[in-house]
Amino acid sequence: MKVIRASEKHTHGNQTFRVNILYPGANLGKTDTGFFTIGRIDHALFKPPGIVPMHPHRDDEILSYIRSGKMIHKDSTGHQEHLNNSYMMLMNAGSGISHEESAEENMEMLQIFMRPSENELPPKVQFYQFENIYSEK
């Protein structure tokens, strides 16, 4: 097993939005940068009035976990939700979905891009409200 060092992440963004992207299979010597069902992991830092404009996804399942702060999620299925560290989202892109994200507060989040067992499924967005927050800052 080869360890992926922090220096091997891909960093993009500016002072309002910065994302570090980790491709977990990048060091396996194959053209596929994913690792089994995990396609990639994004660690994002986001500040108001930052916005990631409406953009498409297809055949990804994206788990969004906010470590701290708040954001607004809007998507092409009609959802507009305020997410925080106790309100999690799983976006099943399936045959196609578009969404945007905007920061309400300084925010730190992880997005884990997973590969579905089948392509071209109907798109849907799921939300889960936690009763307790177990994460430590």
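## Strands, salt bridges and a pocket

β4 and β9 run antiparallel and are joined by 5 bridges. The model you're looking at is predicted, so to speak of local features takes pLDDT of at least 70, and side-chain atom pairs count only at pLDDT 80 or more, while totals for chains, interfaces and linings use all residues. Residue numbers start from 1 along each chain as its sequence is written, and side-chain values use heavy atoms, with hydrogens and water left out.

### Exercise 1: the open sheet

Work out the strand order of the open sheet of 4 strands, and how its strands pair.

**Step 1.** Strands are DSSP runs of E with at least two residues, helices are runs of H or I with at least four, and both are numbered from the N terminus. Two strands pair if DSSP finds at least two bridges between them.

**Step 2.** The edges are β4 and β7 (80–83), each of which pairs on one side only. From one strand to the next, the twist averages 20 degrees; the axes behind such angles are lines fitted to C-alpha atoms (for helices over the stretch in contact), and the angles run from 0 to 180 degrees between N-to-C directions.

### Exercise 2: the hairpin

Find how many residues the hairpin from β1 to β2 runs through.

**Step 1.** Check the pairing. β1 (residues 10–13) and β2 are antiparallel partners over 4 bridges.

**Step 2.** Follow the chain from β1 into β2: the hairpin that joins them goes through 3 residues. As a landmark, look for His-10, which stands opposite Ile-21 in β2.

### Exercise 3: salt bridges

How many salt bridges does the structure hold?

**Step 1.** Apply the rule: a side-chain nitrogen of Lys or Arg has to be within 4 Å of a carboxyl oxygen of Asp or Glu. That gives 4 salt bridges, and we'll go through some of them.

**Step 2.** Arg-40 bridges to Asp-42, with the closest N and O atoms 2.7 Å apart. Asp-42 is buried at 5%, whereas Arg-40 is partly exposed at 24%.

**Step 3.** Next up, Arg-58 and Glu-120 meet through their side chains in a salt bridge of 2.8 Å, N to O. Arg-58 is in the loop between β4 and β5 and Glu-120 in the loop between β10 and β11, so this pair ties together parts 62 residues apart in sequence. Arg-58 is partly exposed at 48%, and Glu-120 is partly exposed at 45%.

**Step 4.** Then there's Lys-70 with Glu-105, whose closest N and O atoms are 3.9 Å apart. Lys-70 belongs to the loop between β5 and β6 (71–75) and Glu-105 to the loop between β9 and β10, so the pair links parts that are 35 residues apart in sequence. Lys-70 is partly exposed at 36%, as is Glu-105 at 35%.

### Exercise 4: the largest pocket

What volume does the largest pocket have, and which residues are closest to its centre?

**Step 1.** Start with the idea: rolling a probe the size of a water molecule over the atoms shows where empty space is left. On a 1 Å grid over the protein atoms alone, a pocket is an open set of points with protein on both sides within 12 Å along at least five of seven lines, unlike a cavity, where a 1.4 Å probe fits but cannot get out; lining residues have an atom within 4 Å of a point. Points are joined across faces, edges and corners, and the volume is the space filled by probe spheres set on them.

**Step 2.** The largest pocket comes out at about 200 Å³. It is lined by 16 residues, and Phe-17, Arg-40, Asp-42, Glu-101 and Gln-111 are the closest to its centre. The elements giving two or more lining residues are β2 (17–22), β3 (38–46), β4 (51–57), β9 (97–103) and β10 (107–114).

**Step 3.** Sort the lining by type: 9 nonpolar, 4 polar and 3 charged. Here Ala, Val, Leu, Ile, Met, Phe, Trp, Tyr, Cys and Pro count as nonpolar, Asp, Glu, Lys and Arg as charged, and the others, Gly among them, as polar.

Conventions: Buried means under 20% relative accessible area, exposed over 50%, partly exposed in between (1.4 Å probe, protein chains only).
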